[in-house]
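Student: Could you take me closely through one part of this model, the packing of helices and the charged pairs around it? I would like the cut-offs stated as you go.

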Amino acid sequence: MAHLDSEAKEECLREDLKFYFMNPCEKYRARHQIPWKLGLQILKIVMVTTQLVRFGLSNQLVVAFKEENTVAFKHLFLKGYSGTDEDDYSCSVYSQEDAYESIFFALNQYHQLKNISLGTLGYGENEDNRIGLKVCKQHYKKGTMFPSNETLNIDSDIEIDCVHLGLSMYPQEWKNSSFFRLEFYRLLQVEISFHLKGIDLQTIHSRELPDCYVFHNTITFDNKAHSGKIKIFFGSEAKIEECKDLNISGSMQKNTQYILAFDAFVIVICLASLILCTRSIVLALRLRKRFLNFFLEKYKRHVCNADQWEFINGWYVLVIISDLMTIIGSVLKMEIKAKNLTNYDLCSILLGTSTLFVWVGVIRYLGYFQAYNVLILTMQASLPKVLRFCACAGMIYLGYTFCGWIVLGPYHDKFEDLNTVAECLFSLVNGDDMFATFAQIQQKSILVWLFSRLYLYSFISLFIYMVLSLFIALITDSYDTIKKYQQNGFPKTDLQEFLKECSSKDKYQKEASPFLSCICCLRRKGSDDHLVLIN
């Protein structure tokens with residue numbers, strides 16, 4: 001009797017394992033279990049994608065409004081602005097007269113803003129709760145300089161002097177002030193800061209409530225280099241605030257309610273998906289514990305790590321992460337729609353990443369068909385080798401990055417900082433913009449020019465002809481191995497050998513309903529060993 005009980009226990013475990021590794025359609029044929037998760041994932045793809053598209057259109061309006069206002073501010077407050085920034089700064093001046101004119105031009109434009117601006121702008125309060133301009137200048141504490149005699153006597157301590165210019169004061173009154181008598185030989189920078197408020201009315205055309213903005217604008221005259229060139233930087237930080245009093249007639253309020261209801265339905269769908277996938281993972285962990293205990297009792301040895309990891313369905317983990325991000329992003333979107341929050345960037349990151357994971361998860365269902373799962377199996381087989389290879393190649397890449405930055409940085413725009421160097425080298429590896437990189441090197445130093453040629457030729461030859469070729473060879477080798485396994489059969493693990501002994505396989509060969517058979521449950525020819533691998 002004990003022997004019969006043991007056999008019944010083993011057979012029951014084998015049946016449960018066999019059922020666990022079936023795809024949704026096979027589970028329906030076996031036990032007529034309706035594939036709720038499959039249907040829910042299909043519905044979720046449609047809902048989440050629709051939500052993302054609607055939010056993306058709204059986010060584009062927000063970003064466009066900020067950028068267009070920044071361009072308008074530059075034209076309004078920067079004297080002689082050409083419409084195109086010079087490198088990383090907006091424009092520059094080369095004489096004392098031009099510097100004074102640029103400063104007072106910005107002050108005068110601020111006072112006349114309502115008469116000259118085309119936008120819906122108003123004055124805002126600064127950090128001191130005062131309306132007006134704040135002008136600060138930084139300079140060395142004291143010093144004298146006589147370049148003709150090569151004489152310099154300076155105190156390197158920096159002093160900062162600030163003054164507030166209200167709307168009741170006009171720039172002409174300050175021209176003769178001692179504050180604006182600049183000693184350029186010890187001047188470091190002059191900073192003009194002010195706040196402006198605006199309302200984005202273009203959202204009304206999209207049947208959305210408008211946003212109210214506060215723009216913190218800063219104009220910086222940078223003379224730290226003392227090279228005879230003062231760089232003028234314009235910075236604008238836009239902050240969205242809740243409009244205090246909105247009175248808009250029409251059907252916009254009803255449209256907002258429909259969108260909020262749609263977002264709430266998306267949250268319900270993702271919450272149901274989260275619960276079902278979490279339940280599946282919990283049941284899988286229990287099944288793994290049963291299998292490990294049984295294997296240890298019968299064969300007196302532990303199951304290998306690869307078989308243990310087969311019970312952890314990575315696709316379910318991906319779905320759970322996606323659902324959590326969608327739920328949080330949807331809550332933020334509802335708050336933004338109700339104008340209680342204004343963090344568009346965080347919401348777009350959450351919704352965009354979750355939608356990416358949702359669409360990547362579709363590959364799982366394609367992987368149930370042997371003709372479509374080559375990509376998944378190739379990625380799984382090649383990933384460990386590719387990561388080890390990239391770790392080694394990355395050391396060489398970092399070496400070239402540091403070398404290019406320190407040597408070519410002063411002579412080439414693409415090598416002026418580490419981030420730009422890394423991006424430039426990555427472009428070269430992919431064959432992009434090669435001639436322009438060679439041609440832009442300044443020939444002010446013959447030694448550096450010769451080094452740049454040796455540097456670029458060696459990097460391109462090494463990474464394109466050797467590193468990139470080996471990288472592709474690793475993936476190709478894994479692909480060939482998978483194709484060979486699909487033809488001749490995959491290597492059998494302990495788990496697959498145990499499942500192969502299932503004597504009750506015929507009980508799972510019930511015929512499905514005509515409807516599901518037509519949709520997705522037609523039987524496939526060939527072995528199902530690959531299902532364990534892609535699970």
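Tutor: A salt bridge here is a side-chain nitrogen of Lys or Arg within 4 Å of a carboxyl oxygen of Asp or Glu. The model is predicted, with local features needing pLDDT of at least 70 and side-chain atom pairs counting only at pLDDT 80 or more, while totals for chains, interfaces and linings use all residues. Residues are numbered from 1 along each chain as its sequence is written, and side-chain values use heavy atoms, with hydrogens and water left out.

With that criterion, the side chains of Asp-263 and Lys-333 form a salt bridge, at 3.0 Å from N to O. This pair links distant parts of the chain, since Asp-263 belongs to helix α6 (residues 252–299) and Lys-333 to helix α8, 70 residues apart; helices are DSSP runs of H or I with at least four residues, numbered from the N terminus. Both Asp-263 and Lys-333 are buried, where buried means under 20% relative accessible area, exposed over 50%, and partly exposed in between, with a 1.4 Å probe and protein chains only.

Helix α8 (residues 314–337) also packs against helix α3 (residues 36–77), at an angle of about 40° and with the axes 12 Å apart. The axes are lines fitted to C-alpha atoms, for helices over the stretch in contact, and angles run from 0 to 180 degrees between N-to-C directions. To the contact, α3 brings residues including Lys-44, Val-48 and Phe-55, and α8 brings residues including Asp-323, Thr-326 and Lys-333, contact being heavy atoms within 4.5 Å. The crossing of α3 and α8 is left-handed, that is, the near helix is turned anticlockwise from the far one by less than a right angle, whereas clockwise would be right-handed.

Within this packing, Lys-44 and Asp-323 form a salt bridge, their closest N and O atoms lying 2.6 Å apart. Because Lys-44 sits in helix α3 and Asp-323 in helix α8, the pair ties together parts that are 279 residues apart in sequence. Lys-44 is buried, at 1% relative accessible area, and Asp-323 counts as buried too, at 0% relative accessibility.

The structure holds 6 salt bridges, and one of them can be set beside these pairs: Arg-186 and Glu-183 meet at 2.3 Å, N to O. Here Arg-186 counts as buried, at 15% relative accessibility, whereas Glu-183 is partly exposed, with a relative accessible area of 38%.

Note on methods. Helices (H or I, at least four residues) and strands (E, at least two) are DSSP runs, numbered from the N terminus.
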